[in-house]
Amino acid sequence: MEKKTTVFIRDKLTAPPVLVTEGSISHIGNSYNIRYRDGDSMYTIGVSEKMVTVTREGEEDYTLILQEGEEYRFNISSPYGDIPMTALPERARYEDKGDIFSLRLIYTVSGGGRKQKFRLYVDCRNA
């Protein structure tokens, strides 16, 4: 069943949100799907035990499959061609408290000779 939700996204746990937007969350079995729009792009975050998928549909399309401790190779398609990337998640945890769903994700992305650690904190509050 899909529910409307307000999505709060932070890059630091105690920082103010970098994005607050309307979206939806659905729960099927042991999986959750969060969908929201940011600018011209649509994002879908799929969540299950120690695994998170992040799909972006827009000018630069990509899908990340992040499973704790497993390296994932992918390409970002851009108007200039595909860019090879690698992601390595350290932590993927979620908690469903009924009216609030929380996701905590820490991962490192490598590509183009650079390596960067990301933290993603997503909270969904049912409307």
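Reply: Two residues are in contact when heavy atoms of one lie within 4.5 Å of heavy atoms of the other. The model is a predicted one. The residue to begin with is isoleucine 45. Leaving aside its neighbours within four places in sequence, isoleucine 45 is in contact with Tyr32, Asn33, Ile34 and Tyr36, with Val52, Thr53 and Val54, and also with Leu103 and Val122.

Some of these names return in the largest nonpolar core. This core has 28 residues, and those that touch the most other members are Ile34, Tyr36, Ile45, Leu64, Phe101 and Val122. Strand β9, residues 100-111, gives the core its largest share, five residues.

The sheet gives the setting. Ten strands make up an open sheet, and their order is β6-β5-β4-β3-β2-β1-β10-β9-β8-β7, with antiparallel pairing. β6 and β7 have a single partner strand each and stand at the edges, so one side of each has no neighbour in the sheet. From one strand to the next, the twist averages 30°.

Asparagine 33 belongs to strand β3. With a relative accessible area of 33%, asparagine 33 is partly exposed. A distance gives some scale: the C-alpha atoms of asparagine 33 and glutamate 70 are separated by 21 Å, and the two residues are 37 residues apart along the chain.

Serine 31 is also in strand β3, which covers residues 31-38. Its relative accessible area is 33%, so serine 31 is partly exposed. Outside the four places on either side in sequence, serine 31 is in contact with Ser26, Val47 and Ser48. Between the C-alpha atoms of serine 31 and valine 52 there are 9.7 Å, with 21 residues separating the two along the chain.

Serine 24 sits in strand β2, residues 19-28. Its relative accessibility is 12%, and because buried means under 20%, serine 24 counts as buried. Beyond four places in sequence, serine 24 touches Glu2, Lys3, Lys4 and Thr5, as well as Asn33, Ile34 and Arg35.

A loop comes next. Lysine 50 lies in the loop between β4 (41-48) and β5 (51-57). Its phi is near 60°, a positive value in a residue other than glycine. Lysine 50 counts as partly exposed because its relative accessibility is 39%.

Further out, β8 and β9 run antiparallel and are joined by ten bridges. Leucine 88 stands opposite threonine 108 in β9.

The charged side chains complete the picture. Five salt bridges are found in a search of the whole structure. One of them joins the side chains of glutamate 68 and arginine 93, at 2.0 Å from N to O. This pair links distant parts of the chain, 25 residues apart: glutamate 68 is in the loop between β6 (62-67) and β7 (72-78), and arginine 93 is in strand β8, residues 81-96. Arginine 93 counts as partly exposed, since its relative accessibility is 38%.

Another salt bridge is formed by the side chains of glutamate 90 and lysine 117, 3.2 Å from N to O. This pair, too, links distant parts of the chain, with glutamate 90 in strand β8 and lysine 117 in strand β10 (residues 114-126), 27 residues apart. Glutamate 90 is partly exposed, at a relative accessible area of 44%. Lysine 117 is partly exposed as well, at 43%.

Arginine 73 and glutamate 71 meet through their side chains in a salt bridge of 3.1 Å, N to O. Arginine 73 has a relative accessible area of 62% and is therefore exposed. Finally, a network of salt bridges links Arg10, Arg104 and Asp123.

Key: Residues numbered from 1 in each chain as written. Predicted model: local features only at pLDDT ≥ 70, side-chain atom pairs only at ≥ 80, totals over all residues. Heavy atoms only, no water. Helix = DSSP H or I, 4+ residues; strand = E, 2+ residues; numbered from the N terminus. Buried < 20%, exposed > 50% of the residue type's maximum accessible area, 1.4 Å probe, protein only. Core = buried A, V, L, I, M, F, W, Y, C linked by side-chain atoms within 4.5 Å. Salt bridge = Lys/Arg side-chain N within 4 Å of Asp/Glu carboxyl O. Pairing = 2+ DSSP bridges. Axes fitted to C-alpha atoms, helices over the stretch in contact; angles between N-to-C directions.
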